[in-house]
Amino acid sequence: MAARGDSSYEEALAALSSLITKRSRADKSNKGDRFELVFDYLKLLDLEEDMLKMKVIHVAGTKGKGSTCAFTESILRNHGFRTGLFTSPHLIDVRERFRLDGVDISEEKFLSYFWWCYNRLKERTNEEIPMPTYFRFLALLAFKIFAAEEVDAAILEVGLGGKFDATNAVQKPVVCGVSSLGYDHMEILVSSSSLPIFQLGVPAFTVPQPDEAMRVLEEKASELDVNLEVMQPLTARLLSGQKLGLDGDHQYVNAGLAVSLATTWLQKFGNLEVPSPTQMSILPQQFVRGLATASLQGRAQVVPDQFIESRTSGDLVFYLDGAHSPESMEVCAKWFSSAVKGDNQSESSKHLVNGSAGSSHEKWSGETCQQILLFNCMSVRDPNLLLPHLRNTCANHGIHFKKALFVPNMSVYHKVGTAADLPENDPHVDLSWQFTLQKVWESLVKSDKGNAEGEEYRGKDGESSSGNSEVFTSLPMAIKWLRDSVHESSSSTRFQVLVTGSLHLVGDVLRLIRK
């Protein structure tokens with residue numbers, strides 16, 4: 001299968017961008033965009049038979065589903081099986097959505113499969129069966145890649161919710177999983193006739209849920225004759241001293257679900273005796289290795305700024321987590337609080353052992369630490385729920401932000417690609433949402449300090465600042481401010497920046513701080 005001769009990667013991304021609909025996430029008019037079209041597309045791509053043979057693990061949920069998929073894939077790969085993993089969103093490059101044997105698909109393979117699917121659909125679609133929309137095309141592309149690459153197991157993360165999601169083209173998965181359902185998912189869950197992706201007679205697992213969510217899940221399972229089991233979080237004892245590859249206490253919930261999904265798949269296709277999780281006193285070695293080496297960008301990830309020359313200045317470290325619901329914000333705050341305390345203690349002890357020699361981290365003496373928040377969220381989110389959860393949980397753990405920075409995202413929602421060609425500072429950018437976020441933050445600070453803080457002021461560039469917060473016209477400007485602050489500080493100051501509120505923001509930051 002050859003890629004189109006003149007196709008560059010940028011051309012493929014432009015073609016992919018043409019499939020993005022302009023409808024916002026807040027638009028409630030989506031009635032499935034004629035979900036039955038997905039089956040027409042499978043026919044046009046000659047994928048119907050392949051789909052019936054594919055051994056799929058299907059995972060839905062509000063939060064934790066990406067982590068659950070990453071753990072599950074890693075366990076099966078460590079058992080020697082060829083794996084395909086389809087997740088969303090991507091943070092830097094669209095190829096992140098398609099992993100083969102734990103690695104993002106190569107550019108060469110991506111282009112080959114992309115143009116094969118795109119050109120075939122362009123030739124065969126018409127007014128009655130139009131070109132698929134963006135996410136639907138990506139799901140079809142994943143099916144094509146996994147079929148052609150002959151993966152043993154395909155792990156599919158549900159993208160946009162329930163019964164209209166393109167991954168539901170899978171008619172008979174091996175097993176289904178439902179990760180934690182947040183309250184922002186409840187309205188869809190209750191109104192949807194088949195949101196939990198359950199399929200007639202297919203075993204399913206979930207984690208402990210809010211009462212109302214659990215009631216709905218049990219009702220759906222009963223209707224479809226699904227054996228739904230609730231899995232408890234994994235215990236540290238089962239891991240025989242190993243740490244999970246993804247950081248944070250909440251990951252033990254996702255790991256417990258992943259163990260059940262992988263076990264069910266292995267019992268059916270692994271040709272080996274695998275006890276059920278409830279019968280294990282300690283996990284088999286391949287499970288432990290899989291859980292310990294799982295990786296997923298933008299979830300509880302710690303990345304030092306690679307552009308800082310820190311021999312003469314302080315230290316700049318980014319703590320990245322794409323939390324965007326009240327519950328995940330609380331989880332993120334607990335992780336950040338624990339991570340910065342742990343990092344500062346370990347760096348301080350390294351300093352005692354190593355003196356001032358070695359890397360910028362080894363020289364760290366922990367004299368001064370400043371925690372800074374770098375935040376944005378989509379306007380469909382409620383900052384009056386997100387920011388108090390974040391601030392109060394951190395404060396309860398003894399972590400107080402010196403300053404909060406609010407920025408617009410660099411990523412644009414009508415275009416797929418890198419941020420390299422995006423303007424560094426657009427003077428015409430609309431910052432009204434960022435000022436709204438700042439106002440919520442300032443009111444939280446003032447209620448804590450009894451209105452002792454001075455009035456905010458608005459700078460000449462449309463930037464708004466007080467002692468507690470600042471709005472920047474662009475993310476690069478905020479990063480520059482952080483780097484300048486580090487250079488102006490003493491070498492014993494560590495800046496610990498929590499980046500959260502949006503996975504798009506996390507991806508944009510990763511682009512800018514990695515060489």
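A: At the start of helix α15, a side-chain oxygen of Ser502 comes to within 3.1 Å of the backbone nitrogen of His504; helices here are DSSP runs of H or I with at least four residues, strands are runs of E with at least two, and numbering goes from the N terminus. That pair falls under polar contacts, which are N or O atoms within 3.5 Å, where within protein one atom must be able to donate a hydrogen and the other to accept it, and where residues adjacent in sequence count only if both atoms belong to side chains. This is a predicted model, in which local features need pLDDT of at least 70 and side-chain atom pairs count only at pLDDT 80 or more, while totals for chains, interfaces and linings use all residues. Residues are numbered from 1 along each chain as its sequence is written, and side-chain values rest on heavy atoms, with hydrogens and water left out.

Helix α15 spans residues 503–513, and it is largely enclosed by the rest of the structure because nine of its eleven residues are buried. Buried means under 20% relative accessible area, exposed means over 50%, and partly exposed lies in between, for a 1.4 Å probe and protein chains only. The buried residues of α15 are Leu503, Leu505, Val506, Gly507, Asp508, Val509, Leu510, Arg511 and Ile513, and what covers them includes strands β9, β10, β11 (368–375) and β16 together with helix α14 (475–488).

Strand β16, one of these covering elements, runs over residues 493–500 and includes Thr500. With a relative accessibility of 0%, Thr500 counts as buried. Leaving out residues up to four places away in sequence, Thr500 touches Asp321, Ala323, Met329, Cys332, Leu373, Leu374, Phe375, Asn376, Leu390 and, within α15, Leu505; contact means heavy atoms within 4.5 Å. The side chain of Thr500 also reaches the backbone oxygen of Asp321 at 2.8 Å.

Asp321 leads from here to an annotated position. It lies in the loop between β10 (315–320) and α11 (326–354), and a relative accessible area of 10% makes Asp321 buried. Beyond four places in sequence, Asp321 touches Gly298, Arg299, Ala300, Cys332, Trp335, Val499, Thr500, Gly501 and Val506, and Val506 is itself one of the buried residues of α15. The side chain of Asp321 reaches the backbone nitrogen of Ala300 at 2.8 Å.

The UniProt record, an unreviewed entry, places the feature "binding site" at Arg299 and Asp321. Although these positions are spread over 23 residues of sequence, they cluster in space, with a largest C-alpha distance of 4.6 Å. Such positions follow the numbering used here, with feature names shortened, and the annotations may be inferred rather than shown by experiment.

Arg299 belongs to the loop between α10 (285–293) and β9 (301–304), and at 18% relative accessibility Arg299 counts as buried. Its contacts, apart from neighbours within four places in sequence, are with Ser67, Ser88, Leu320, Asp321 and Leu503, and Leu503 brings the account back to α15, where Leu503 is buried. A polar atom of the Arg299 side chain lies 2.9 Å from the backbone oxygen of Gln297.

At 3% relative accessibility, Asp315 counts as buried, and its side chain makes a polar contact of 2.9 Å with the side chain of Arg494. Asp315 and Arg483 are 168 residues apart in sequence, yet their C-alpha atoms are 9.2 Å apart in space.

As for the chain around this part, there are 15 helices and 16 strands, and 56% of the 515 residues count as buried. Of the contacts between residues at least 6 apart in sequence, 78% join residues at least 24 apart.
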